[in-house]
Amino acid sequence: MSKESIYSLTFDQLTAWFIEYKYKQHRASQVWNWLYRKRVTRLSEMTDVPEKCLDLLEEHFAFCSLTEYLRQESQDGTIKFLFQLHDNHLIETVLMKHKFGLSVCVTTQVGCNMGCSFCASGLLNKKRDLSSGEIVAQIMAVQQYLDRENPAEQVSHVVVMGIGEPFDNFTNLVSALQILKDQKGLAIPARHITVSTSGLADKIYDFADVNLRVNLAISLHAPNNELRSRIMKINRLFPLETLMPAVAYYLRKTNRRITLEYILLKDLNDSKEHALQLVGLIGEKRQFINVNLIPYNPVDEHQQYRRSEHDSLLAFYDTLKKQGISCSIRLEHGADIEAACGQLRSRYNR
Ligand code: SAH
Ligand code: SF4
């Protein structure tokens with residue numbers, strides 16, 4: 001059994017650990033500061049922590065849980081990391097450079113069980129969940145890379161849109177978000193964090209109840225059950241008449257907006273009629289919903305799906321706009337390095 005990653009602990013859990021081992025509480029603040037502010041890569045670098053205490057930490061926790069296996073840089077500055085976990089599984093993490101800052105796209109599971117028929121991640125079934133430490137360690141590894149290469153640069157945004165279904169790993173996701181947000185540590189503002197789910201309605205209620213103030217995005221991709229069940233099998237478990245009330249609950253409870261993600265697939269979900277169905281589905285909630293239209297990233301194994309023509313994308317956008325729906329088109333990052341969800345990892349097949 002391998003040791004737990006030190007990045008798995010929230011500040012309160014680290015404090016409780018020190019108290020259990022009869023150390024003063026301020027040791028937790030010191031260690032936290034070394035981990036997330038100074039971002040050391042070895043315990044021995046924590047120079048103001050007594051050696052006995054470091055030995056005890058060493059005995060209980062693993063420090064570096066990720067090994068860089070591959071790194072690819074795109075012409076637009078996007079960097080894709082393939083990290084190896086302690087049990088040899090590979091996961092993807094992507095750093096994207098925007099005008100507004102640097103964002104990291106993180107993975108939450110090794111593979112994914114949701115099996116959406118257009119997605120490269122769904123090709124490889126879930127092998128296991130990532131621990132909260134392994135989720136946090138992805139941001140730390142990218143930040144430590146920046147600290148070495150470009151010390152002025154800091155990760156400012158996190159999107160939970162890598163491999164896996166975050167709400168199928170709910171507890172570890174919530175702990176990881178608490179750690180990323182912690183004011184004494186990385187202090188990534190909640191409004192700079194976005195979690196994307198394929199629509200596990202029961203967990204949308206739970207997420208509303210924990211109310212972390214982060215952004216929520218839902219992968220809708222189709223405006224009716226027939227089509228959605230065809231491309232996303234999760235819709236058979238949580239059809240639109242179950243999903244939409246969960247969305248309404250989330251809006252009521254958190255007072256925050258929700259993004260509906262919609263991949264445009266040629267001749268499948270991209271007609272004017274589909275756009276109008278989507279308007280109908282959003283209905284009265286339009287004030288609180290933003291639709292994000294996503295150009296499809298072709299996947300070799302899913303030849304039946306093609307990217308919509310640019311004109312169809314614009315027409316879809318116009319129809320939504322004319323009906324008063326707030327709408328944006330997602331820019332692509334790193335298309336030349338297979339930055340679409342799960343594509344790079346699927347080449348290595350583990
Ligand atoms: N499992 C979560 C989060 C990871 S996927 C979810 O499904 O929401 C992140 C986003 O990328 C989702 O909206 C997903 O539907 C979309 N996606 C998957 N494969 C894609 C592809 N080939 N091209 C464009 N978007 C894709
Ligand atoms: Fe899983 Fe999301 Fe891909 Fe669906 S789109 S298979 S939920 S990673």
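For sorting residues by class, Ala, Val, Leu, Ile, Met, Phe, Trp, Tyr, Cys and Pro are nonpolar, Asp, Glu, Lys and Arg are charged, and the rest, Gly included, are polar. By that scheme, the lining of the second largest pocket has three nonpolar, seven polar and four charged residues. We're looking at a predicted model, where local features need pLDDT of at least 70 and side-chain atom pairs count only at pLDDT 80 or more, while totals for chains, interfaces and linings use all residues. Residues are numbered from 1 along each chain as written, chains are lettered from A and ligands numbered from 1 in written order, and side-chain values use heavy atoms, leaving out hydrogens and water.

- Contact (heavy atoms within 4.5 Å) links 13 residues of domain 1 with 19 of domain 2.
- Of the area that domain 1 buries against domain 2, 46% comes from Y7, Y36 and R39, more than from any other three residues; buried area is the accessible area (1.4 Å probe) that two parts lose on being put together, summed over both.

**Ligand 2**
- Nine residues surround ligand 2, the closest being C112, M114, C116, C119 and S198; near means a heavy atom within 4 Å.
- Sorted by class, that shell has four nonpolar, five polar and no charged residues.
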